[in-house]
Amino acid sequence: MLLIDKDKIYVKDYQEVLLMNQNCFRIRMNQYSLNIKGEEIEIYYYDHQEIRLNGHVKVIEYDENRV
């Protein structure tokens, strides 16, 4: 699940963080990888089920996990 509220991004039920920098965040979900591109992206909070990011989102993409 993905929720965006102004400059706050919530991602629930993720499996693994694949890439993180100030302009790009890539995370593996159950059946796809989620790519969030923007500015000043930073992790504000995380636990084993949820991640909250702060930053300005410009683009959201996903790639299906296929064999």
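Visitor: Is Ile 43 buried, partly exposed or exposed?
Guide: Ile 43 is partly exposed, with a relative accessible area of 36%. Buried means under 20%, exposed over 50%, and partly exposed in between (1.4 Å probe, protein chains only). The model is predicted: local features need pLDDT of at least 70, side-chain atom pairs count only at pLDDT 80 or more, and totals for chains, interfaces and linings use all residues. Residues are numbered from 1 along each chain as its sequence is written, and side-chain values use heavy atoms, with hydrogens and water left out.

Visitor: Where is Ile 43 found?
Guide: Ile 43 lies in strand E5. Strands are DSSP runs (E, at least two residues), numbered from the N terminus.

Visitor: In what order do the strands stand in the sheet?
Guide: Six strands form an open sheet, ordered E1-E2-E6-E5-E4-E3, with antiparallel pairing. Two strands pair if DSSP finds at least two bridges between them.

Visitor: Which strands stand at the edges?
Guide: Strand E1 (2–5) and strand E3 (16–20) do; each has a single partner strand, so one side of each is left without a neighbour in the sheet.

Visitor: How many bridges does E3 share with E4?
Guide: E3 and strand E4 (residues 24–28) pair over four bridges in the antiparallel sense. A hairpin of three residues joins E3 to E4, and Glu 16 has Arg 28 in E4 as its bridge partner.

Visitor: And what joins E2 to E6?
Guide: Five bridges join strand E2 (residues 8–12) to strand E6 (residues 50–64), and the two run antiparallel. Lys 12 stands opposite Glu 50 in E6.
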